[in-house]
Amino acid sequence: MIAVAGYTSILVALVSAAALAVQGWRVSHTPDPDPARLKIPTIGLAVGGIGAFTLLEIGILTHDFTIAYVAKNTALATPFIFLLAAGWAALAGSVVLWGLMLAVFTWLVWRTVRRGDGLGVLALGVMGAVAVFWFGLMATAANPFEVCTSVAGSFCAETSWSPLAAAVAPADGVGPNPLLANHILMAVHPPLLYVGYVGFTVPFAFAIAALTRSELGSVWLYRTHRWSLVAWIFLTAGILLGGWWSYEVLGWGGYWAWDPVENAALLPWVTATAFIHSAVVQQRRSMLQAWNFTLVIITFALTIFGTFLTRSGVIASVHAFSLSAVGPTLLAFLAVVVFGSFGLFAVRASAVASSPRMDSLVSREGFILLNNLLMTLFGFTILFGTLYPLLVEAFTGREVAVGRPFFDRISVPLAFLLLLALGFGATAPWRVATGRVLWERTRVGLNVGLVTAALALAAGVRSISLLGIIGLAGFVIGNIVAFFVHQSGRAHRGGKPWIAALGSTIRSDKGYWGGQIAHLGMALAAVAIGTTSVLAVRTEVPLAVGESVVVEGYCIQYLEPFSRTEPERNVQGARVAILDRTCSTTRAVLEPRLHEYPKFGQVITTPRVWTTWVDDVYLSIAAIDAEGMRLKVLVFPLQWLLWFAGSVIVAGGLLALGRKPGRRSSASKRGDRIEHADA
Amino acid sequence: MPERAKSLVWLIVPAVAIAFIVANLWSGDTGPEDPEARAYGLATSLKCPICAGESLAGSQTDLAKDLRARIDEEIAAGKSDGEIIDLFVAAYGEQVLLDPPSTGWGVVLWAVPLGVLAAGVAAIFGLKRKERARTEVDA
């Protein structure tokens, strides 16, 4: 029953999406485009999308094992939270979640479109066309409501795409992939990432509509500014939580492995970061119009590419959880997006040709250009490094691999240059920055940077690259804080108390100060990445029960082993105390463990972490038996700072969302007028 | 603080900091590298031969555990990083390297991004020059 209703929902959404695409196109060509004519398809899409997702979740929660997806990815004993997460943990479900979000976003965009707004109407049509692809995928290659037609043991031996086929149910399901059902973050990280991915459909749709209608000014950019920012915030949070998940679950003690799928998630973030910066340049200075079209198309294409890489199995990766015929379909869609968009762009290129009013490279826009160059180079290199093994294999048949050493060597110098550009650019004036102004606005930062680097050196840091990162972070933070205090100083001298003066500075330009808070977060994140990779201590020690060992001033004592049976898994663990360096006072007791999933024949090392203001002490069992165990003891200085810095970045983004919408509208008209005058 | 004293601070503070940093880095020897850090560095730059895109450091397979132990042994036996990497290449072929050597096809891996960098720099300076040409015409 649920399968029939669910599949029907998908068909409703698919038909509505097709109607939206066609109607959007037709209505946008009428003299007075009326979005009311798109109301039925938009609501049909939303109802179908919400319906498909809800019915899949109902199927999962009621253990309807006639649905093959439910039988394969959940079991009777699966805990509630992972049942819920199973709705998006595997391929077909993740497409349903994608469709749900796209449908809801389309409806939200529809609410902003007014009568006579041809651009908005056509953008809705483009979103409809994108939705046709995703719901088409659900109706065919990635059907989440395939039913089980014959059972072998607890497996579905045969399935049928038709929900009307005579269905049978295995007595119990197989259950979720152990790696995905081992930590609560897995329930949160993918939806956040997906909101980010799907969110970029909106600026993409407006860009395509603007190109199609030759409305090449900045209107599409203003209207999608907030959407891009929302998508960027979610993508940032999603990547951050992915790193945290990896740190808490994978047991090797890192948060980033330069794995192809991690790279695929990072790529759209990199180009989107470039885009939200270059969009500001277009809004303020009417420059970079062609470049913004390019960046938004690339970002959208990279979200599809990321899904393709995760879901097609072309590149071996720990995250590539599923293999299927979905790969070629996604690849075809990617090709349509890339060739279609750039084809359209090429046709309009002569008209887009931006009028570059670059007064000086030493200016806010100059530094943002440098940021864009470095970000694009970073993104390109990650993409090239990820695909390089495929290319070499295609041309020579030889197998090669590209991993951490290559990506580290690329990203460290780029991070240095980016921080340097950020330190100068964040406070540099637009148009032209004279040497005097530049010096006035960066001298505090230069001093703070040099002093912090000297202090770090005095504290015992000997790595030149880490000292460089710390110094540059001090430079960035010093400049931004000094500029903030300087700006607020005017209001303070005008009679306001300091707190009120600082507050009014932020309120006067939430877009700018939100950005600066995100920049502070980036600087802190750079420091945390530096300390946790350069200063990390990794040891593996043999311990018998009752024995203790001192690592980096932490006394680690093996108290006792324990084991128990939990739903779906056997737990074998060790109670380990962390004491002060004299081994007299207990400061924490941790229970690192091994989770064995008998049904999957898989053992997962589950680490435990003790966080202090200085270090994370990370314990992970390498081997354990009756006599004792081998315990990995890893110490990561300032690990908490990375998660904190990530939250600061997200908070900055949220503040920037509060930018008064009308504030730049006069600039917009001015920008467009200049552009028309040039044409 | 009088203006003169203020500008002195702007000179003295960075000068002292720079002098301190330079003096320390000049004299400071970083000491022999900790063998565990070396082992981890090697393990992150070698691919686990039977895994899906994981390094020896990241993999939890038994083979990866054995190979990590092998790295520890070789370091204890006094082998250099280069010698240990050669051992792995001899045993598992060049695909075990997560950092492809910059010879032959490996050149492409570095040359293409550098080409993109050069094109980007050229484009930015192009933006600036086009502007200059235009203002000259305007004048």
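Predicted model: local features only at pLDDT ≥ 70, side-chain atom pairs only at ≥ 80, totals over all residues.
**Entry 1: chain A overall**

I began with chain A. I counted 20 helices and 12 strands there. Next I looked up its radius of gyration, which is 27 Å. The globule rule gives 26 Å for 679 residues, so chain A is as compact as a globular protein of that length. I also noted the box that its C-alpha atoms fill, roughly 80 × 75 × 60 Å along the principal axes.

Then I turned to burial. In chain A, 53% of the 679 residues count as buried. I checked contacts between residues at least 6 apart in sequence, and in chain A 72% of them join residues at least 24 apart.

**Entry 2: chain B overall**

I found five helices and zero strands. Read from the N terminus, the order is α-α-α-α-α. Chain B has 139 residues, and 22% of them are buried. Of its contacts between residues at least 6 apart in sequence, 40% join residues at least 24 apart.

**Entry 3: where the chains touch**

**Entry 4: helix α2 of chain A**

I picked out helix α2, residues 39-61 of chain A, and checked its length. At 1.5 Å a residue, its 23 residues should span 33 Å. The end C-alpha atoms are 32 Å apart, which agrees.

Which residues of α2(A) are buried? I listed Pro41(A), Thr42(A), Leu45(A), Ala46(A), Gly48(A), Gly49(A), Ala52(A), Phe53(A), Leu55(A), Leu56(A), Gly59(A) and Ile60(A). I kept a reminder beside the list: an α-helix has 3.6 residues a turn, so residues three or four places apart point the same way. Then I looked for what covers the buried residues of α2(A). The cover includes α1, α3 (68-73), α4 (80-89), α5 (91-112) and α6 (118-139) of chain A.

Most residues other than glycine have a negative phi. I noted two residues with a positive one.

His63(A) follows α2(A). It lies in the loop between α2 and α3 of chain A. Its phi is near 55°, and His63(A) is not a glycine. Is His63(A) buried, exposed or partly exposed? I found 17 C-beta neighbours inside 10 Å, so His63(A) counts as partly exposed.

Ser214(A) has a positive phi too, about 55°, although it is not a glycine. I placed Ser214(A) in the loop between α8 (201-212) and α9 (219-249) of chain A. Ser214(A) has 10 C-beta neighbours inside 10 Å and therefore counts as exposed.

**Entry 5: Thr8 of chain A**

Last, I looked up Thr8(A). It sits in helix α1, residues 2-28 of chain A. With 16 C-beta neighbours inside 10 Å, Thr8(A) counts as partly exposed. How far apart are Thr8(A) and Val448(A), in sequence and in space? I noted 440 residues in sequence and 63 Å in space, C-alpha to C-alpha.

Conventions: Residues numbered from 1 in each chain as written. Chains lettered and ligands numbered in written order. Helix = DSSP H or I, 4+ residues; strand = E, 2+ residues; numbered from the N terminus. Buried ≥ 20, exposed ≤ 12 C-beta atoms within 10 Å, placed from the backbone. Contact = placed C-beta atoms within 7 Å. Expected span 1.5 Å × (residues − 1). Rg over C-alpha atoms; globule rule 2.2 N^0.38 Å.
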